[in-house]
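Subject: Handing over the structure

Hello,

Here is the structure I promised you. Please open it first, then read my notes beside it.

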Amino acid sequence: MDQTSVCADGYEFAAPDSWDHFSDTVALAYGGYDAASAYQDVLAAVFEPQRSLLAHRGGRTCATLAVYSLDMGVPGGRRPVAGISYVTADPAHRRRGLMRGLMVRTFARLYERGEEPVAALHTTEPAIYGRFGFGSATRAIHLRIPRHARDMTHPHNEPPLPVSVVDPAECVPDIARIHQGAPDRRPGAFHRDDAWTRRALLDLPERRGKAGRLLCVLAEDRDESSRPRGYALYSLTARWEDSYPRYDVHVRELFAEDPLAYTSVWRALLDIDLAGAVHADRPVDDPVLALLADPRSAVPVVRDQLYVRVVDLGRALGERGYAAEVDVVIEVADTDCPWNQGRWRLRTGVDGGDCARTTAAADLSLSAWELGAVYLGGTSLKQLAAAGRVTEHRAGALAATTHAFHHDPAPFCPMLF
Ligand SMILES: CC(C)(COP(=O)(O)OP(=O)(O)OC[C@H]1O[C@@H](n2cnc3c(N)ncnc32)[C@H](O)[C@@H]1OP(=O)(O)O)[C@@H](O)C(=O)NCCC(=O)NCCS
């Protein structure tokens, strides 16, 4: 499909020339804020105009959709995933089908060009994207750990590593190095080149609200190299209660190369003077819950996070890794990607899968939404069947396929895109 096409009511869909061309409409849709040029430069550096799409009419841009080429961890290793972002419509052109037009054109282009077989996005409102076959694929727990609950079990014979607090700009190469293994360790994380690392560290005063500037705590080797092995990016918001300081520590991200470095970073965060509590969005199986002497104090709240859409079913399921062998026929309903519609035979082993069309009777039936939800291994097919979203036609097929798709550790996307 050509990117440039005109729909019935005169909107033309085409690739933007540049980030500037695109960002004015985005700013309007998100509330019309003025962003500093430094911020725009960082966003422009990761923007891929030739992969993105906008709708315009009469010389005016009315809707936008950005596509990023992400190298994301999925079960079985890193794979190309189309990261979708900045889905917006100008307030004067809403509810006329522009988002739908952008979305179905993007799916068709990915499929026809043989690009990424899977798309993923974060959403401002969870109710928007299910209709396009995006299933809820990763979850985060929001933790609020009071400082008084900082007692940790002592799994290591060694004392915690020494830590230092620095401006993140001083340790960009260390942050990039420690982060680089993240997509191999957990589905949902993606590789960050220099431009994406800069975006991860973006810290403009006008976007901080009441928080202070972004800081970085490093856990370092004990020897004279002081080589960092773990870090957290965080900021502090001043808060007082009854004349006592109860500052909030907001953790943006936390990565470590090994358990001792990981524990040392958490200890440092929970020991910040003036702090009342540490707030962080973490994977549902984050080890910190196994470290706190009082895990109940962390008040974990689960919420949806990354949404995934299987665009090219045969390739997506064939290229994914599996936890067990299964031989199953899946009947798929998919109106927005009609090439996925029908019956597919999936045969998996621990080395990968093979997925091809079949005329055999279906063992399971489901829709694109459920496929997207289970793709990263964090949502259970059995759970979806119990909710009536998946139907089992052959006894045993559901349990076996659920087991094959499961991934441990749980998927988690540590960064918005
Ligand atoms: C969300 C937004 C992009 C929708 O654009 P739009 O062009 O008006 O959407 P469409 O007309 O193509 O609507 C397609 C479908 O989505 C539904 N929909 C649109 N916005 C929705 C919302 N916020 N919540 C739930 N459903 C929504 C429509 O009702 C329609 O449903 P249907 O398929 O049952 O008819 C637009 O309202 C917007 O820019 N919002 C502010 C920015 C934003 O939140 N973007 C999302 C970023 S993740």
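This is a predicted model: local features need pLDDT of at least 70, side-chain atom pairs count only at pLDDT 80 or more; totals for chains, interfaces and linings use all residues.

**The ligand**

Start with the residues around the ligand, 19 in number. Val87, Ala89, Arg95, Gly97 and Arg100 come nearest. By type, the shell has eight nonpolar, five polar and six charged residues.

Now look at the oxygen atoms of the ligand. A polar backbone atom of Met99 is 3.1 Å from a ligand oxygen. Arg94 uses its side chain: a polar atom there lies 3.4 Å from an oxygen of the ligand.

How much of the ligand's accessible area does the protein cover? On its own the ligand has 900 Å², and the protein covers 76% of that.

**The aromatic rings**

A pair of aromatic rings is described by the distance of the centres and the angle of the planes. The structure holds 15 such pairs. Here are two of them.

Take Phe22 and Tyr86. Their centres are 6.4 Å apart, with 80 degrees between the planes. That makes the pair edge-to-face, because planes over 60 degrees apart count as such. Phe22 sits in helix 1 (residues 19-29) and Tyr86 in strand 5, so the pair ties together parts that are 64 residues apart in sequence. Are these two residues buried or exposed? Phe22 has 0% relative accessibility, so it counts as buried. Tyr86 is buried too, with a relative accessible area of 12%.

Next come Phe190 and Phe417. The ring centres are 5.7 Å apart and the planes are at 85 degrees, so this pair is edge-to-face. Phe190 lies in the loop between helix 5 (182-185) and helix 6 (194-200). Phe417 lies in the segment after helix 12 (397-405). The pair therefore ties together parts that are 227 residues apart in sequence. Both Phe190 and Phe417 are buried.

Rings can also link up into a group. Trp19, Phe22, Phe47 and Tyr86 form a cluster through ring pairs.

**Charges over rings**

Which residues place a charge over a ring? Arg57 lies over the face of Tyr11, 4.3 Å from the ring centre. The charged end of Arg105 sits over the ring of Phe13, at 3.8 Å from its centre.

Best wishes

Note on methods
Residues are numbered from 1 along each chain as its sequence is written. Side-chain values use heavy atoms; hydrogens and water are left out. A residue is near a molecule or strand if one of its heavy atoms lies within 4 Å of it. A polar contact is a pair of N or O atoms within 3.5 Å; within protein, one must be able to donate a hydrogen and the other to accept it, and residues adjacent in sequence count only if both atoms are side-chain atoms. Accessible areas come from the Shrake-Rupley method with a 1.4 Å probe; for residues, only the protein chains shown count as cover. Ala, Val, Leu, Ile, Met, Phe, Trp, Tyr, Cys and Pro count as nonpolar, Asp, Glu, Lys and Arg as charged, and the others, Gly among them, as polar. Rings of Phe, Tyr and Trp (its six-membered ring) pair if their centres lie within 6.5 Å; planes under 30 degrees apart count as stacked, over 60 as edge-to-face and the rest as tilted. Helices (H or I, at least four residues) and strands (E, at least two) are DSSP runs, numbered from the N terminus. Buried means under 20% relative accessible area, exposed over 50%, partly exposed in between (1.4 Å probe, protein chains only). A charge sits over a ring if NZ of Lys or CZ of Arg is within 6 Å of the ring centre and within 35 degrees of the ring normal.
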